[in-house]
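Hello,

Please find the structure below. My notes on it follow.

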Amino acid sequence: MSVKIRLTRRGAKGQPFYRLVVADSHSPRSGKYLDNVGYYNPRTDPSTMHVNTEKVLAWLRKGARPSDAARVILEKTGVLRQWEESRAKAPR
């Protein structure tokens with residue numbers, strides 16, 4: 001089972017709100033997910049992003065791959081930088 005970190009859409013028609021979730025890559029966009037790790041609200045000015053860093057880093061260690069949109073959010077919040085630094089420090 002391959003695991004992805006991706007966005008799932010919530011909110012009413014014309015009022016999107018996204019959750020950052022960990023899901024099986026074969027499940028539908030707004031279907032079943034394994035863990036909720038954050039959210040993104042594009043309707044606020046500036047956009048609101050909240051990420052549970054510990055959960056995301058744990059899932060990345062387990063092999064989860066972020067989607068393109070999730071990668072952008074993780075870069076803006078600094079989680080990917082922490083992930084890369086921890087991988088650089090780890091002995092191989």
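Leu60 touches Ile5, Pro66, Leu80 and Trp83, leaving aside residues up to four places away in sequence; contact here means heavy atoms within 4.5 Å. This is a predicted model, in which local features need pLDDT of at least 70, side-chain atom pairs count only at pLDDT 80 or more, and totals for chains, interfaces and linings use all residues. Residues are numbered from 1 along each chain as its sequence is written, and side-chain values use heavy atoms, with hydrogens and water left out.

Leu60 and Ile5 are among the residues with the most contacts inside the largest nonpolar core, which has 18 residues. Such a core is a set of buried (under 20% relative accessible area, 1.4 Å probe, protein chains only) Ala, Val, Leu, Ile, Met, Phe, Trp, Tyr and Cys residues joined through side-chain atoms within 4.5 Å. At least two core residues come from each of β1 (3-10), β2 (17-24), α1 (53-61), α2 (68-77) and α3 (79-89); α1 gives the most, with 4. Helices (H or I, at least four residues) and strands (E, at least two) are DSSP runs, numbered from the N terminus.

On the strands: β1 and β2 run antiparallel, joined by 8 bridges, where pairing requires at least two DSSP bridges. Leu7 has Leu20 in β2 as its bridge partner, and Leu20 in turn is partnered with Gly38 in β3.

Lastly, Ser67 sits in the loop between β5 (65-66) and α2. Ser67 is buried, at 19% relative accessible area, and touches Ile5 and Arg6, again leaving aside residues up to four places away in sequence.

Regards

Terms used: Buried means under 20% relative accessible area, exposed over 50%, partly exposed in between (1.4 Å probe, protein chains only).
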